[in-house]
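Q: I'm new to this one. Can you put it up and walk me through some of its contacts?

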Amino acid sequence: MWHRFLALHAHVEHRLSAALQRHHGLGLSEYRALGFLADAPRNELRMQELADRLGLNQSSVTRLAARLNAAGFTYRDVCEDDKRGVYTVLKDEGRARHAEATATYESTLGAALEEAAPAGAAVAALREALGGSLG
């Protein structure tokens with residue numbers, strides 16, 4: 001069962017990544033980072049918090065944040081309380097790009113799970129775990 005789930009996960013991640021890149025110029029981690037920032041209080045997260053939520057190491061999240069900054073989706077801010085702390089803050093442009101990409105993400109996720117329907121039990125278990133939700 002676990003191997004089927006891992007194969008399903010790889011299939012879905014590949015489909016999501018390709019669709020987001022093709023239609024919105026975003027990588028999957030970039031899309032998810034924008035979503036985490038949109039949901040965060042004051043639309044900002046410390047770099048370590050963002051790394052933890054994305055499951056990335058510090059070096060990878062630093063490069064990801066630099067790409068988001070260069071694209072004009074976020075900006076970097078220094079923590080007032082701890083000058084060593086650095087925040088990534090969502091800009092309106094980043095919120096808009098994430099909102100535009102969400103429909104593509106959701107439709108691609110649904111299609112990828114439907115394609116994997118022969119995996120049967122793994123898809124059913126995933127849908128059950130998500131409470132019928134795909135997001």
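Q: Where does L113 lie?
A: L113 lies in helix α5. Helices (H or I, at least four residues) and strands (E, at least two) are DSSP runs, numbered from the N terminus.

Q: Before we go on, what sort of model is this?
A: This is a predicted model, where local features need pLDDT of at least 70 and side-chain atom pairs count only at pLDDT 80 or more, while totals for chains, interfaces and linings use all residues. Residues are numbered from 1 along each chain as its sequence is written, and side-chain values use heavy atoms, with hydrogens and water left out.

Q: Back to L113, then: buried or exposed?
A: L113 counts as buried, at 1% relative accessibility. Buried means under 20% relative accessible area, exposed over 50%, and partly exposed in between (1.4 Å probe, protein chains only).

Q: How far apart are the C-alpha atoms of L113 and H11?
A: They are separated by 8.9 Å, and the two residues are 102 residues apart along the chain.

Q: New topic. How many aromatic pairs are there?
A: The count comes to one aromatic pair, where rings of Phe, Tyr and Trp (its six-membered ring) pair if their centres lie within 6.5 Å. Planes under 30 degrees apart count as stacked, over 60 as edge-to-face and the rest as tilted. The rings of Y31 and Y105 have centres 4.7 Å apart and planes at 20 degrees, so this pair is stacked.

Q: Which helices hold Y31 and Y105?
A: Y31 is in helix α2 (residues 28-39) and Y105 in helix α5 (residues 92-115), so the pair ties together parts that are 74 residues apart in sequence. Y31 is buried, at 6% relative accessible area, and Y105 is also buried, at 12%.

Q: How do the axes of α2 and α5 cross?
A: The axes come within 9 Å and cross at roughly 120 degrees. They are lines fitted to C-alpha atoms, for helices over the stretch in contact, with angles from 0 to 180 degrees between N-to-C directions.

Q: Which residues make the contact?
A: From α2, they include L28, Y31 and R32; from α5, they include G94, R95 and Y105. Contact means heavy atoms within 4.5 Å.

Q: Now N43. Where is N43 found, and what does N43 touch?
A: N43 is in the loop between α2 and β1 (44-46), and is buried, with a relative accessible area of 18%. Leaving out residues up to four places away in sequence, N43 touches L37, A38, T88, V89, L90 and R95.
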